[in-house]
Amino acid sequence: MSALRLVSSAARRAPRSLALGRRGYAEATDKIKLSLVLPHQAIFTSTDVVQVNLSAATGDMGILANHVPSIEPLRPGLVEVIEGVGSSKKWFVSGGFATVHPNNKLTINAIEAAPLEEFSPEAVRANLQEAQKVLGGNGSEEVKAEARIEADVYEALQHALGTK
């Protein structure tokens, strides 16, 4: 018996009372358990939060309860953790991965992260200018590649701070 006929035969014999799981929208009271971890520190450990906004490689995304399971690479950028109405914390991460698990769990593994308020817009601007000077200079390809990475991170940080 072919596999297709076997599956369709089994489906016809399955009781109709079995309900298929359906995804729905998150309710206002639904929470997601967040774990935000670095190699040397756990910032959040299974903490109940309402929403997490992050900078994925494919674009910015917001994660609520009942989100479809997925794995997303992170680019340097902002991770905003909304704990409740009017209560949020903002972290800048240098990169990593976000894994949305079934049952409302989110794990973010980041290389480095720091609270956004710890950054000085003036220092970021000065460091970005220095990286851009190195990019425009006569350095080796290796030095220029490192400067390109620095400039990308400082540009993302500048964007997260809302400064130009």
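Which helix gives the largest share of the negative patch? In this predicted model, the answer is helix α3, spanning residues 141–161, which supplies three residues of that patch. Glu150 makes a handy example to look up in the structure, with its place in helix α3. Because its relative accessibility is 41%, Glu150 counts as partly exposed, a class that lies between under 20% for buried and over 50% for exposed.

The protein chain holds three helices and ten strands. Read from the N terminus on, the elements follow the order α-β-β-β-β-β-β-β-β-β-β-α-α. Of the 164 residues in the protein chain, 31% count as buried.

Strand β6 (residues 77–84) runs antiparallel to strand β7 (residues 87–93), and seven bridges join the pair. Within this pairing, Val79 has Trp91 of β7 as its bridge partner. Two residues lie between the strands in the hairpin of β6 and β7, where Gly86 adopts a positive phi near 75°.

Strand β7 also pairs with strand β10 (residues 113–115), again in the antiparallel sense, this time over three bridges. Here Val93 is found opposite Ala113 of β10.

Methods. Residues are numbered from 1 along each chain as its sequence is written. This is a predicted model: local features need pLDDT of at least 70, side-chain atom pairs count only at pLDDT 80 or more; totals for chains, interfaces and linings use all residues. Side-chain values use heavy atoms; hydrogens and water are left out. Helices (H or I, at least four residues) and strands (E, at least two) are DSSP runs, numbered from the N terminus. Buried means under 20% relative accessible area, exposed over 50%, partly exposed in between (1.4 Å probe, protein chains only). Two strands pair if DSSP finds at least two bridges between them.
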